[in-house]
Amino acid sequence: MKSPKINSTPMNHKERLLEAMERRKAKVCILGLGYVGLPLAVRFAEVGFSVVGIDVDKDKIERINKGISHVPDVSFGSSSPHPIHAST
């Protein structure tokens, strides 16, 4: 049996991911939008990434989708150029 060729394509998975990140075309998903996840999601959105945030708290999700932060010192808007899309 032949072993698979890892780098047989012109651009392997790592290179495609790095290129997508450099071009801000990679999609980012943050699990948990609390005191660590929300600021992280906001920062990724600020620098141009498409961000999806997942959390179990439906009230938190509604507030985030309206552009309302529950974390002190973290602000963002639902109409920003790269909004955070929150879901459960």
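Reply: Happy to! Let's begin with burial: a residue is buried under 20% relative accessible area, exposed over 50%, and partly exposed in between, with a 1.4 Å probe and protein chains only. This is a predicted model, where local features need pLDDT of at least 70 and side-chain atom pairs count only at pLDDT 80 or more, while totals for chains, interfaces and linings use all residues. Residues are numbered from 1 along each chain as its sequence is written, and side-chain values use heavy atoms, leaving out hydrogens and water.

Me: Is D55 buried or exposed?

Reply: D55 is buried, because its relative accessible area is 10%. You will find D55 in the loop between β2 (50-54) and α3 (58-65).

Me: Which residues does D55 touch, not counting those up to four places away in sequence?

Reply: Contact means heavy atoms within 4.5 Å. By that rule, D55 touches G32, L33, G34, K60, I61, S87 and T88. A polar atom of the D55 side chain also lies 2.8 Å from the backbone nitrogen of L33.

Me: How do I read aromatic pairs?

Reply: Rings of Phe, Tyr and Trp (its six-membered ring) pair if their centres lie within 6.5 Å; planes under 30 degrees apart are stacked, over 60 edge-to-face, and the rest tilted. The count here comes to one aromatic pair. F44 and F49 form this edge-to-face pair, 5.5 Å centre to centre with 80° between the planes.

Me: How accessible are F44 and F49?

Reply: F44 counts as partly exposed because its relative accessibility is 27%, whereas F49 is buried, with a relative accessible area of 5%.

Key:
Helices (H or I, at least four residues) and strands (E, at least two) are DSSP runs, numbered from the N terminus. A polar contact is a pair of N or O atoms within 3.5 Å; within protein, one must be able to donate a hydrogen and the other to accept it, and residues adjacent in sequence count only if both atoms are side-chain atoms.
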